[in-house]
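Work through the exercises below with the sequence and the model open. Try each task before reading its solution.

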Amino acid sequence: MRRAGLGIQALAYYGKIAIHPVPMSTFAELMQRAAVGPVPGELMLLGSVLFNGGWVAFASFTYFLDRAKHGQRSHGSQWAK
């Protein structure tokens, strides 16, 4: 469940923008709804993609570093013996 946290938040944010107060009908409406104060919607969505993409890249990078350093781990716990 912890791994899906940012994905769930991103989907919830998109869902809020897409249906509140009424379902959106155009891409321009998405950009208008994503705006926060003086910050345009395009910049907000770009920031969201960069933020979430950065965390995905960081997680992937550290996952592969861990695999390279420690190798494939067995599925069973070493303490369960």
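**Exercise 1.** Which residues in α1 meet which residues in α3?

Solution. The model is predicted: local features need pLDDT of at least 70, side-chain atom pairs count only at pLDDT 80 or more, and totals for chains, interfaces and linings use all residues. Residues are numbered from 1 along each chain as its sequence is written, and side-chain values use heavy atoms, with hydrogens and water left out.

Step 1. Contact means heavy atoms within 4.5 Å. Helices (H or I, at least four residues) are DSSP runs, numbered from the N terminus.

Step 2. On the α1 side are Leu 6, Ala 10 and Tyr 13; on the α3 side are Leu 45, Phe 51, Asn 52 and Trp 55.

Step 3. Sorted by class, this contact has 6 nonpolar, 1 polar and no charged residues. Ala, Val, Leu, Ile, Met, Phe, Trp, Tyr, Cys and Pro count as nonpolar, Asp, Glu, Lys and Arg as charged, and the others, Gly among them, as polar.

**Exercise 2.** Describe how α1 and α3 are arranged.

Solution. Step 1. Two packed helices are described by the angle between their axes and the distance between the axes. Axes are lines fitted to C-alpha atoms, for helices over the stretch in contact, and angles run from 0 to 180 degrees between N-to-C directions.

Step 2. For α1 (residues 5-19) and α3 (residues 41-70) the angle is about 165 degrees, and the axes are 11 Å apart.

Step 3. The two helices are therefore roughly antiparallel to each other, a term for angles over 145 degrees.

**Exercise 3.** Which side chains meet in a salt bridge, and where do they lie?

Solution. Step 1. A salt bridge is a side-chain nitrogen of Lys or Arg within 4 Å of a carboxyl oxygen of Asp or Glu. The structure holds 1 salt bridge.

Step 2. Its partners are Glu 29 and Arg 33, at 2.8 Å from N to O. Both lie in helix α2 (residues 27-34), 4 residues apart, about one turn of the helix.

Step 3. Glu 29 and Arg 33 are both buried (under 20% relative accessible area, with exposed over 50% and partly exposed in between; 1.4 Å probe, protein chains only). Leu 30, Met 31 and Ala 34 are also among the buried residues of α2, and what covers the buried residues of α2 includes α1 and α3.

**Exercise 4.** Is Tyr 13 buried, partly exposed or exposed?

Solution. Step 1. Tyr 13 is found in helix α1.

Step 2. Its relative accessible area is 32%, so Tyr 13 is partly exposed.

Step 3. Leaving aside neighbours within four places in sequence, Tyr 13 is in contact with Ala 34 and Leu 45.

How values were computed:
Parallel < 35°, antiparallel > 145°, perpendicular 65-115°, else oblique.
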